[in-house]
Amino acid sequence: MRLPVAAALLALVACSRTTEGPTPRIQGAINPLTRNVTPPRICNAQGAEHGWRLEIAGDGFAPVPGDVLEETPVAALPEVTLRGPTTLTLPREHVFYIRPELLLVDVPTRDSTPPVDLPEGSYTLEVSNPVGGSASLADAVIVVPPPTITRVEPPPDGYTFAGSSPIVIEGTGFRLDTFPYIVLVSADGSRQSLFVINVISPTRIESEIPPGMSEGVYDLVLTNPEGCGTTVSRALDITYERLGTLTLAPRTGSELSDQAITLTNTPTGDQRPFSGPPDIVLVAPLKTNPSEVVRIPLRDVTYDAPGTVRAVVPTCSGLDAPPITDPRCPGGIVPGGPYALEVADPGGAIGEVPAIQGFTVTADGAVGLMSDLGECALASQPCGAPAP
């Protein structure tokens with residue numbers, strides 16, 4: 001402890017009529033991760049090098065100066081002990097005096113340095129002042145083991161892109177009185193939190209994959225509120241049913257008018273036809289920010305048949321609602337391409353039109369374009385109106 005603090009402690013002792021310090025009183029312990037949980041739970045694993053932080057609230061906590069003749073004097077701190085399935089007196093470097101009403105302690109675990117095996121169960125908390133009395137509080141802290149995951153059960157009917165996909169997580173150490181935090185981590189490090197539907201038992205949790213989740217292999221991280229968690233590598237391999245080969249006509253449109261198109265789906269094998277009007281987006285930049293590629297929904301999507309839908313590419317209107325009054329279409333799609341399309345059927349299947357076969361936006365509405373049938377089409381429609 002630094003010299004000014006040691007001097008202050010010496011002054012307190014000098015002013016006292018007796019060498020006996022105060023008797024502490026313990027009001028309770030708090031896990032900062034779950035402040036409203038009484039008694040607090042801490043995990044007997046993880047917790048980094050020094051273990052899990054606990055706050056001890058009360059009054060009369062009183063350190064006294066020690067080794068005051070040394071070049072760097074230190075204080076003798078209150079002694080903190082946990083008594084339960086085993087007895088653990090915390091090392092001095094794990095106890096921090098804040099004020100007479102608050103101590104901070106770091107409870108070591110089997111993953112700390114050095115490791116400490118603290119069996120699960122209920123513990124009495126004791127605080128003893130260096131010169132003075134001591135106090136105890138029964139059942140002040142509950143030590144719990146970390147959760148484990150033994151299996152992640154995918155949806156029985158497969159994943160669906162258009163809606164939520166239920167999953168079941170099996171393991172141990174799940175809490176019935178609260179929900180854990182569940183996160184999926186992709187190969188690129190991006191994270192997606194999952195909604196917990198129900199904790200059925202200490203060994204079974206119901207959750208779901210949100211709509212529109214990207215295909216890929218994901219790690220699953222489950223963390224209980226008190227801080228301890230577990231990770232399962234490559235827990236989920238999310239894939240969706242596929243639509244057939246998708247083609248569009250026409251494949252070009254002027255930057256000065258929205259363009260009506262027809263999208264054809266030709267499935268083979270286990271590929272899926274359209275089951276209704278799909279969500280269709282064009283992956284392209286807008287004139288408002290030409291350097292950023294965004295997903296632009298197509299408008300007026302109409303289901304004609306299992307193999308055909310019609311839609312409008314908002315080449316002029318972009319993300320703005322038509323009609324567009326500025327003939328220059330300042331919020332429209334940047335001329336260029338061809339741009340890819342992504343298609344999500346309401347039945348859960350997905351597909352795409354790759355960029356090489358995608359949609360091209362042409363600059364200047366007066367330029368003649370060759371359609372897919374070899375006919376010359378002039379993009380001379382009013383701004384924001386679908387071309388024929």
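For this tour, two strands count as paired if DSSP finds at least two bridges between them. Keep in mind as you click along that the model is predicted.

**Stop 1: the five-stranded sheet**

Start by selecting β2, β11, β10, β6 and β7, which in that order make up an open sheet with mixed pairing. Now look to its edges, where β2 (41–43) and β7 (87–89) each have a single partner strand, so one side of each lacks a neighbour in the sheet. Turn the view to follow the twist, which averages 30° from one strand to the next.

**Stop 2: inside that sheet**

Next, select residues 79–83, strand β6, together with residues 121–128, strand β10. The two run antiparallel and are joined by five bridges. Which residue of β10 stands opposite Val80? Show side chains here and you will find Val127 facing Val80 across the pair.

**Stop 3: the four-stranded sheet**

Move on to β1, β3, β9 and β8, an open sheet in that order, with antiparallel pairing. Its edge strands are β1 (25–30) and β8 (95–99), each pairing on one side only. Ignoring direction, neighbouring strands in this sheet are turned against each other by 25° on average.

**Stop 4**

To finish, pick out Gly28 and look across to β3, where Ala57 is its bridge partner.

Technical notes. Residues are numbered from 1 along each chain as its sequence is written. This is a predicted model: local features need pLDDT of at least 70, side-chain atom pairs count only at pLDDT 80 or more; totals for chains, interfaces and linings use all residues. Side-chain values use heavy atoms; hydrogens and water are left out. Axes are lines fitted to C-alpha atoms, for helices over the stretch in contact, and angles run from 0 to 180 degrees between N-to-C directions.
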